[in-house]
Amino acid sequence: MLAAIILVIFPFCMAFAAISDMISMTIANRISIVLSVTFLLVAPMTGMDWSTYAWHLAAGGLVLAVTFGFFAVGGMGGGDAKLLAATALWMGMSMSMLFYLVYAALVGGVLTIIILLYRKSPLSVYTGHMLLLRNFADKDVGVPYGIALAIGGILSFPTTALGQWAMANF
């Protein structure tokens, strides 16, 4: 049961964050709260030692501090900052965190290029009214980076301690 919770909650929250950001350009606080609370409750039940648990908490705190700074100067959205920090709890101070950041950056770069090309294309005039493409076509809004964060999280999740534990115990 615990493995199923891990294998459902994290990917579902990531997918929900991506879709939410795509449609409304916001990532609801409840997504980051669910991710954080689930990690805090579930990780000790998997046999994670307290030292590793503390390093996961440190990763979340460090990422929150850095992303809050970016948010304060207008470099990123608040929802993105909170989602990054909540995801960092699951990644910990590990290679998983590095994979997550690299995947999110690469996907984010490709996503940004695609959206900028789409906005300049005639296709955006004809499809820009559709719910899922509306914010992609709008030149006055930014890039819904929650999509890249979600894809990066899903791609790196199998390398995390919890992801590996859940797959081994499912």
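The model is predicted: local features need pLDDT of at least 70, side-chain atom pairs count only at pLDDT 80 or more, and totals for chains, interfaces and linings use all residues. Residues are numbered from 1 along each chain as its sequence is written, and side-chain values use heavy atoms, with hydrogens and water left out.

Start with helix α1, residues 2–24, which packs against α8 at an angle of about 165 degrees. Their axes lie 8 Å apart. Helices are DSSP runs of H or I with at least four residues, numbered from the N terminus. Axes are lines fitted to C-alpha atoms over the stretch in contact, and angles run from 0 to 180 degrees between N-to-C directions. The two helices are therefore roughly antiparallel, a label for angles over 145 degrees.

Next comes Met25, in the loop between α1 and α2 (29–42). Met25 is not a glycine, yet its phi is positive, at about 60 degrees. Met25 is partly exposed, with a relative accessible area of 25%. Partly exposed lies between buried, under 20%, and exposed, over 50% (1.4 Å probe, protein chains only).

Now the surface. Met95, Leu98, Phe99, Val102, Tyr103, Leu106, Ile151 and Leu155 form a nonpolar patch with about 700 Å² of accessible area together. Helices α5 (95–120) and α8 (146–156) each give two or more residues. The largest share, six residues, comes from α5. Patch residues have over 30% relative accessible area and no salt bridge, and nonpolar side chains are joined within 5 Å. A salt bridge puts a Lys or Arg side-chain nitrogen within 4 Å of an Asp or Glu carboxyl oxygen. Areas come from the Shrake-Rupley method with a 1.4 Å probe. Tyr103 sits in α5 and is partly exposed at 31%.

Note on methods. Patches are made of residues with over 30% relative accessible area and no salt bridge: like charges are joined within 9 Å, nonpolar side chains (Val, Leu, Ile, Met, Phe, Trp, Tyr) within 5 Å. Angles under 35 degrees count as roughly parallel, over 145 as roughly antiparallel, 65 to 115 as roughly perpendicular and the rest as oblique.
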